Amino acid sequence: SFGDGGILNTGKFDVIGFGTQFGPIDGMSQYTCSAVPPAGQNYTHYCDKNVDAVLHDFNTQYSTQGQVRDLNKAMKLLVDDVPTVVIYSREELYAYNRDLKNFHPNNASFFDEMMNVDI
């Protein structure tokens with residue numbers, strides 16, 4: 001933990017390897033200044049007020065077009081700064097009964113639209 005002087009939380013490292021299970025949109029919050037430990041899981045301790053502003057605007061968007069615009073801006077800023085390097089992305093695999101209908105999971109929605117699923 002941060003209080004115990006943990007290596008990740010206090011930023012006392014040169015290189016780290018860790019896994020995360022965030023979806024592509026949820027994972028953006030790990031790059032905000034307000035998520036630096038002990039307040040969150042921004043273990044890279046990356047902080048850029050421009051990224052924060054774009055992600056704040058993203059959270060106020062109701063339109064897909066506005067969200068995509070903001071995510072593109074945030075990704076450009078992050079790619080320019082390289083606060084982290086993604087080594088691999090795990091493919092999500094699902095086992096289910098062949099009688100299950102309308103189940104179309106994807107990396108952005110872990111549980112798909114379960115109200116449309118039937119067996």
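Predicted model: local features only at pLDDT ≥ 70, side-chain atom pairs only at ≥ 80, totals over all residues.

Tutor: A residue counts as buried when its relative accessible area is under 20%, as exposed when that area is over 50%, and as partly exposed in between. C33, at 15% relative accessibility, is therefore buried.

A disulfide joins C33 to C47, with an S to S distance of 1.9 Å. A search of the whole structure finds one disulfide.

Most residues other than glycine have a negative phi, and most peptide bonds are trans. Against that background, the bond joining P37 and P38 is a cis peptide bond, with omega about 15 degrees. P38 belongs to the loop between α1, which spans 7–10, and α2, which spans 49–59. The other feature concerns H45, a residue other than glycine whose phi is positive, near 60 degrees. H45 is also placed in the loop between α1 and α2. With a relative accessible area of 27%, H45 is partly exposed.

F13 is a further residue of the loop between α1 and α2. Its relative accessible area is 23%, so F13 is partly exposed. When residues up to four places away in sequence are not counted, F13 touches I7, L8 and Y43. F13 is also 31 residues from T44 in sequence, while the C-alpha atoms of F13 and T44 are 9.6 Å apart in space.

The rest of the chain can now be set beside this loop. The protein has three helices and zero strands, and from the N terminus on the elements run α-α-α. Buried residues make up 24% of the 119 residues. Among contacts with a separation of 6 or more, 35% involve residues 24 or more positions apart.

Two packed helices are described by the angle between their axes and the distance between the axes. For α2 and α3, the angle is about 165 degrees and the axes are 9 Å apart. The two helices are therefore roughly antiparallel to each other, and the crossing of α2 and α3 is left-handed. In this contact, α2 contributes N50, V51, V54, L55, D57 and F58, which meet Q67, R69, D70, L71, K73, A74 and L77 in α3. By class, the residues of the contact divide into seven nonpolar, two polar and four charged.

V54 lies in helix α2 and, at 12% relative accessibility, counts as buried. Setting aside residues up to four places away in sequence, V54 touches D70, K73, A74 and L77. V54 and Q67 are 13 residues apart in sequence, and their C-alpha atoms are 9.8 Å apart in space. On the facing side, D70 is found in helix α3. A relative accessible area of 1% makes D70 a buried residue. Apart from its neighbours within four places in sequence, D70 is in contact with V54, D57, F58 and Q61. The C-alpha atoms of D70 and A53 are separated by 9.6 Å, although the two residues are 17 residues apart along the chain.

N102 is found in the segment after α3, which spans 64–81. It is a residue other than glycine with a positive phi, near 65 degrees. With a relative accessible area of 45%, N102 is partly exposed.

Methods
Residues numbered from 1 in each chain as written. Heavy atoms only, no water. Helix = DSSP H or I, 4+ residues; strand = E, 2+ residues; numbered from the N terminus. Buried < 20%, exposed > 50% of the residue type's maximum accessible area, 1.4 Å probe, protein only. Axes fitted to C-alpha atoms, helices over the stretch in contact; angles between N-to-C directions. Parallel < 35°, antiparallel > 145°, perpendicular 65-115°, else oblique. Left-handed = near helix turned anticlockwise from the far one by under 90°. Contact = heavy atoms within 4.5 Å. Nonpolar A, V, L, I, M, F, W, Y, C, P; charged D, E, K, R; others polar. Disulfide = S-S within 2.5 Å.
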